[in-house]
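Here's a quick walk through one protein model, region by region. Have the viewer open and follow along.

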Amino acid sequence: MPYFVTALAVVLLFAFCFYQNNKLDITEYKIQSENITGKSIKIAHLSDFHSKPFKKVLNEVKKAEPNLIVITGDYINDKCKNKEKMLAYGKELVQTAPVFYISGNHERRLKNFDGLMRELREMGFNVLLNEISQIKIEGNTVTILGLDEKQGGFDDYLKRMKGTFEYGDLSRYFKELDLYGGFKIVLSHFPENFESIKELNYSQYNFDLQLSGHAHGGQFILPFIGPVFSPGQGFFPKYARGEKGTRPKLIISRGLGNSEFPVRLFNHPEIIFITAGKKE
């Protein structure tokens, strides 16, 4: 009998963990901007797949018919796991809508980083590494700055938690962004860079929307406490989920896969859909 109870407990624990890692949440946001001059546009924000070819996500994105898909890093993990599967998965995404992609800390740790970026471009992703791209959608000009922040090493995490990490000055890319018109989106893997890096913070610049991931929602979300931990932010991270600010506004994805820690708790994988419309 004790063996049966133990076996049942193990099965129930496995089922619970599987549910936590695979039950998909869909979060919708609506924002208004004077830079939306045509019809409203729908953006699918995906982040942190970590080499997981998540079929449910593909189905939900296709069903939603977004005008634009953005992927804010860690599409493939630092072991390059499932690379061919993720390339095939990406081909299906680009058949749904234009896909704009930035690297995360996991891709940046790969020895074959440049080769992987080339393969992603050839597969159809618009890869932005400190680059700006424009696209016309529903009578609107959408301008996208994709940042390549290069702060993904394990030593970098420790330095950021201690407050000794020296952030790169990316102001020149935001100054370049000022030369463009339209609805301006900044793709940044690290959400804390929006406000918490003192004089180098991104929120001081003139754009509409920053989309970020990385924090995995804090991995665990505890009742009455909230997100528990994020690399680089430490315990009880402020920038782990949801939205911050007005203009610019930050929207943070809780991500879709897992990295070193294999289990989420009360923090399901998340697709974000954003509808951007005219300012009333």
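Just after helix H5, Gly124 takes a positive phi of about 130°. Before going on, the ground rules: this is a predicted model, where local features need pLDDT of at least 70 and side-chain atom pairs count only at pLDDT 80 or more, while totals for chains, interfaces and linings use all residues. Residues are numbered from 1 along each chain as its sequence is written, and side-chain values use heavy atoms, with hydrogens and water left out.

Helices (H or I, at least four residues) and strands (E, at least two) are DSSP runs, numbered from the N terminus. H5 itself covers residues 113–123, and Phe113, Gly115, Leu116, Met117, Leu120 and Met123 are buried there. Buried means under 20% relative accessible area, exposed means over 50%, and partly exposed is in between (1.4 Å probe, protein chains only). What do the buried residues of H5 pack against? They pack against helix H3 (83–94), E4, helix H4 (105–108) and E5, with contact meaning heavy atoms within 4.5 Å.

## The six-stranded sheet

E4 and E5 belong to an open sheet of six strands, in the order E1-E16-E2-E3-E4-E5 and with mixed pairing. Strand E1 (25–33) and strand E5 (126–127) are at the edges with a single partner strand each, so one side of each has no neighbour in the sheet. Two strands count as paired if DSSP finds at least two bridges between them.

Follow the parallel pairings through E4. Strand E3 (residues 68–72) pairs with E4 in the parallel sense over four bridges, and strand E4 (residues 99–102) pairs with E5, also in the parallel sense, over two bridges. Tyr101 turns up in both: Ile71 has Tyr101 as its bridge partner in E4, and Tyr101 has Val127 as its bridge partner in E5. Both faces of E4 are covered, with Val99 and Tyr101 buried on one side and Phe100 and Ile102 buried on the other.

## Ala44 in strand E2

Elsewhere in the sheet, Ala44 is in strand E2 (residues 41–46). Is Ala44 buried or exposed? Ala44 counts as buried because its relative accessibility is 0%. Not counting residues up to four places away in sequence, Ala44 touches Pro66, Leu68, Ile69, Val70, Ile272 and Phe273. Ala44 and Ala64 are 20 residues apart along the chain, and their C-alpha atoms are separated by 8.5 Å.

## Asn21 in helix H1

Asn21 is in helix H1 (residues 2–22) and is buried, at a relative accessible area of 14%. A polar contact of 3.3 Å joins the side chains of Asn21 and Asn258. For a polar contact, a pair of N or O atoms must be within 3.5 Å; within protein, one must be able to donate a hydrogen and the other to accept it, and residues adjacent in sequence count only if both atoms are side-chain atoms. Leaving aside neighbours within four places in sequence, the contacts of Asn21 include Lys52, Phe54, Pro262 and Arg264.

## Lys79 in a loop

For contrast, look at the loop between E3 and H3, where Lys79 is found. Lys79 is exposed, with a relative accessible area of 64%. The side chains of Lys79 and Asp78 are joined by a polar contact of 3.3 Å. The C-alpha atoms of Lys79 and His50 are separated by 9.6 Å, with the two residues 29 apart along the chain.
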